[in-house]
Amino acid sequence: MEHPSLSYFHSLDLNGQPLNLDITLTCGQAFRWQKHDGEIWRGVVRDKLIELKSCDGRLLWRTFPVDDEVLVRDYLRLDEDVASIYARLSSTDRYLAGLIRRFHGLRLLRQDPAETLFSFVCSTANSIHRIAAAIETVAAQYGELVCEHASACYYSFPSVEKLASASTVAGTKSLGFRGRNLQLVAQQLCSRGAYWLDSLRNKTYSEARRELMSLWGVGRKIADCVCLFALDKDEAVPVDTHVRQLVCRLWGFDINGKSLTNGLYDRIAAAFTERYGLLAGWAQQFLFYEDLLRSRKA
DNA sequence: GCTTAACCTGGACGC
DNA sequence: GCGTCCAGGTTAAGC
């Protein structure tokens, strides 16, 4: 029997394209989603609160305070031919084909570049649940109230200007030393102009990555996360401790115990590009998610 | 170009 | 209860 409140949702036909919200929203690319009543995903995207549920090949959605179908479509990349991406990746690698069957419906998102950048600045030497908690703290303190819904207040991620000028961001206890980095990155973004970050979407992957890494506090990993999760650079391969472990396990990389130097980072990323080409980032996300589940069970 | 330490916090773990 | 380790990194110094 359909949940009574679902009658207030809009419905989109997915046209046979895969989408699994449980996996897509928890696979480590976004931090502001929570599941309610066992079936509805709720999260703040830009200046809207979004509720999502998928069933029978359709996506049920609604946004607050006003309807915004364009935002939902853009965020979930619904106009992308993901089935074709799966087919191309599956034909290159039997192991990956198995993961694509197992995690069918995992999608890359198109997130706000600034929020993605700041989120991964917070991720430095941090655990995923603490990153999510810290981001909610920052949003509640410095973001704008989006709406009140179901007895809770929801806040947007703070603007770059707000983070740059908020003198106490650097002292936010739960962020630790990351608070100072957050503010420094925000100040550098301000000095580069309002559209600098968004303009990177129109550059090549290597150009966008190089520009991001010119910011103090942004290294290879964070730059690649922004490229992959926010700038449509599907060839970007963020290399972290999970990816490093899985290339040891799957591809026999003899790097156990060695620190992740720039050279090693580039070698691992190159191995992905060699195997999966311009879809290396999609492949990375499937492999990463498997390793994430493995570490959660451990 | 590699290694190491420092940067903060808090949960997990062993004792 | 206490000490230690570690978590989706980056930077700078030393070699």
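Let me start at the DNA. Around DNA strand B there are 11 residues, and those that come nearest are Gly176, Phe177, Ser259, Thr261 and Gly263. Here a residue is near a molecule or strand if its C-beta atom, placed from the backbone, lies within 6 Å of it. By class, the surface near DNA strand B has 2 nonpolar, 6 polar and 3 charged residues. In that count, Ala, Val, Leu, Ile, Met, Phe, Trp, Tyr, Cys and Pro are nonpolar, Asp, Glu, Lys and Arg are charged, and the others, Gly among them, are polar.

A quick word on what you are looking at. This is a predicted model, in which local features need pLDDT of at least 70 and side-chain atom pairs count only at pLDDT 80 or more, while totals for chains, interfaces and linings use all residues. Residues are numbered from 1 along each chain as its sequence is written, and chains are lettered from A and ligands numbered from 1 in the order in which they are written.

Now the other strand. DNA strand C has 19 residues around it, with Gly28, Thr124, Gly219, Lys221 and Ile222 coming nearest. That surface holds 7 nonpolar, 9 polar and 3 charged residues. Which helix gives the largest share of the surface near DNA strand C? It is H11, with 4 residues. Helix H11 (220-230) and helix H12 (241-251) each supply at least two residues there. Helices (H or I, at least four residues) and strands (E, at least two) are DSSP runs, numbered from the N terminus.

So what does H11 pack against? Two packed helices are described by the angle between their axes and the distance between the axes. Axes are lines fitted to C-alpha atoms, for helices over the stretch in contact, and angles run from 0 to 180 degrees between N-to-C directions.

One partner is helix H10 (residues 205-213): its axis and that of H11 come within 9 Å and cross at roughly 130 degrees. H10 and H11 are therefore oblique to each other; angles under 35 degrees count as roughly parallel, over 145 as roughly antiparallel, 65 to 115 as roughly perpendicular and the rest as oblique. Tyr205, Ala208, Arg209, Leu212 and Met213 of H10 touch Arg220, Ala223, Asp224, Val226 and Cys227 of H11, where contact puts the C-beta atoms, placed from the backbone, within 7 Å. This contact has 7 nonpolar, no polar and 3 charged residues.

Another partner is helix H5 (residues 113-122), whose axis comes within 9 Å of the H11 axis and crosses it at roughly 145 degrees. Pro113, Thr116, Leu117, Phe120 and Val121 in H5 face Ile222, Cys225, Val226, Phe229 and Ala230 in H11. By class that is 9 nonpolar, 1 polar and no charged.

H5 also packs with helix H8 (residues 178-192), at about 150 degrees with axes 9 Å apart. That makes H5 roughly antiparallel to H8. From H5, Ala114, Leu117, Phe118, Val121 and Cys122 meet Arg178, Asn181, Leu182, Val185 and Leu189 of H8. Those residues divide into 8 nonpolar, 1 polar and 1 charged.

Two backbone details before I stop. The peptide bond from Phe64 to Pro65 is cis, with omega near 5 degrees, and Pro65 sits in the loop between strand E5 (58-64) and helix H2 (69-76). Asp56, in the loop between strand E4 (48-55) and E5, has a positive phi, near 50 degrees, though not a glycine.

Overall, chain A has 14 helices and 7 strands, and its C-alpha trace spans about 55 × 50 × 40 Å along its principal axes. Thanks, everyone!

Definitions and conventions: Contact = placed C-beta atoms within 7 Å.
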